Amino acid sequence: MAERNGQDDHSRQKPEASRERDDERLRARLNTLSSALDAQNVADKAAEAAKREPVRILPGSIGNAMSLAVRVLSEFVAAVLVGAVIGWWIDRAAGTSPAFLIVFLLMGAAAGFWNVYRIAMKPPNPEG
Amino acid sequence: MAEENPMDPIHQFVIKPIVSLHPLGIDASFTNASLFMVIVVLAAAALMLIGTQSKALIPGRLQSLAEMAYQFVASTVHMAGGHDGMRFFPFVFTLFMFVLFCNLIGLLPYTFSITSQIMVTGALAMLVISIVVVYGLIHNGKGFLKLFVPSGVPVALMPLLVPIEIISFLSRPVSLSVRLFANMLAGHITLQVMGGFVVSLLGAGLFSILAPLPFAMTIVLTAFELLVAVLQAYVFAILTCVYLNDAVHPGH
């Protein structure tokens, strides 16, 4: 009986242990991959910096600026829309026609500004 | 409708069933959208499989394309998510390649652009957000909810700020899907309208000398659409990384 229990314990532990081993293996793989990537990135950045000095306006920078603009606009509009939908939904369920719509529209606008603020406050990454 | 007005700019987005399937009353027909999704997946898989076959030290065209795509996404994921973010690399890479190929193949004449359907982009965005929520809850437990509680704020302001944070979070899938869909839809409509101008001017007697103008515009717009197609796939991928990063490290 005791042996049975022990076996049971063992078989229960096994998936746990193998998952841990998998995690360990994944971590090791990630380590080698990321150290190789880091080295590559440093080399890439140096090469890019050397290339970038003479030419200020790259074709990519217009794309970056545009994607940032589209992102800011869509994040703001989306927050307002989500707020409006939530407010309209509560109103329809509770029968308090414009009250919640107005409140959540304002909150959506606040959330939109918050989204934009968050984009603007991020350290300027090359990804924009 | 197509017979009535061949220059209708919306006509290109109509979904037509190829094989009609209605199991259990659900419309699961194999449509032109499904067909092009299969084509997109096959094309992306072919690029990666054929590109990585030779494993040459000096890569050929396909191999360097495959390697470029891999390295581009890998560095993007690493930059946004850091070390722990790399476990999402397969997901982000799949998503990026799918959206990129949808956008690019949709630009070819006579094709159907899948990413101009809000249903498709919405499903992709919901997939991303579901993974963020599920992984965040499994990985961090209740700590994931710290995402909605800004740190260093007086308690009195919490009832106001927490709903704002929740709305802000809910707006993510909306903005993610609408951005991609709107960009592709607007671009394709613009191209179609410009092409329509060429056709109508050619049939307008003396005014047909003006026809090269919208034709030149179409060429410029096609190049611009190429930029938008790649850019939007990139933006979709990078924002996926940013949102997944929130799941790995909640609380800003």
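1. The interface comes first. In this predicted model, 20 residues of chain B are in contact with 25 residues of chain A. Contact here puts the C-beta atoms of two residues, placed from the backbone, within 7 Å. Helices H2 (61-85), H5 (158-202) and H6 (212-248) of chain B each supply at least two residues of the side that touches chain A. H5(B) gives the most, with ten residues. By class, that side of chain B has twelve nonpolar, six polar and two charged residues. Nonpolar covers Ala, Val, Leu, Ile, Met, Phe, Trp, Tyr, Cys and Pro; charged covers Asp, Glu, Lys and Arg; the others, Gly among them, are polar.

2. Conventions. Residues are numbered from 1 along each chain as its sequence is written, while chains are lettered from A and ligands numbered from 1 in the order in which they are written. Local features need pLDDT of at least 70, and side-chain atom pairs count only at pLDDT 80 or more, but totals for chains, interfaces and linings use all residues.

3. Confidence. The model scores ipTM 0.71 and pTM 0.75. Chain B averages a pLDDT (the predictor's confidence in each residue, from 0 to 100) of 84. In chain B, 96% of the residues score at least 70. Confidence in chain B is lowest in strand E1 (residues 17-19), at a mean of 78. It is highest in helix H3 (residues 89-106) of chain B, at 91.

4. Chain A. This chain has three helices and zero strands. Helices (H or I, at least four residues) and strands (E, at least two) are DSSP runs, numbered from the N terminus. Of the 128 residues in chain A, 16% are buried. Buried means that 20 or more other C-beta atoms, placed from the backbone, lie within 10 Å of a residue's own. Among chain A contacts between residues at least 6 apart in sequence, 59% join residues at least 24 apart.

5. Helix H3 of chain A. H3(A) spans residues 97-121 and has 25 residues. From first C-alpha to last, H3(A) reaches 37 Å, close to the 36 Å expected at 1.5 Å a residue. That expected span is 1.5 Å times one less than the number of residues. Its buried residues include A:Leu101, A:Phe104, A:Met107, A:Gly108 and A:Ala111.

6. Chain B. Six helices and two strands make up its elements, running β-β-α-α-α-α-α-α from the N terminus on. Its C-alpha atoms fill a box of roughly 75 × 55 × 45 Å, taken along the principal axes. Buried residues make up 32% of the 252 residues in chain B.

Key. Buried ≥ 20, exposed ≤ 12 C-beta atoms within 10 Å, placed from the backbone.
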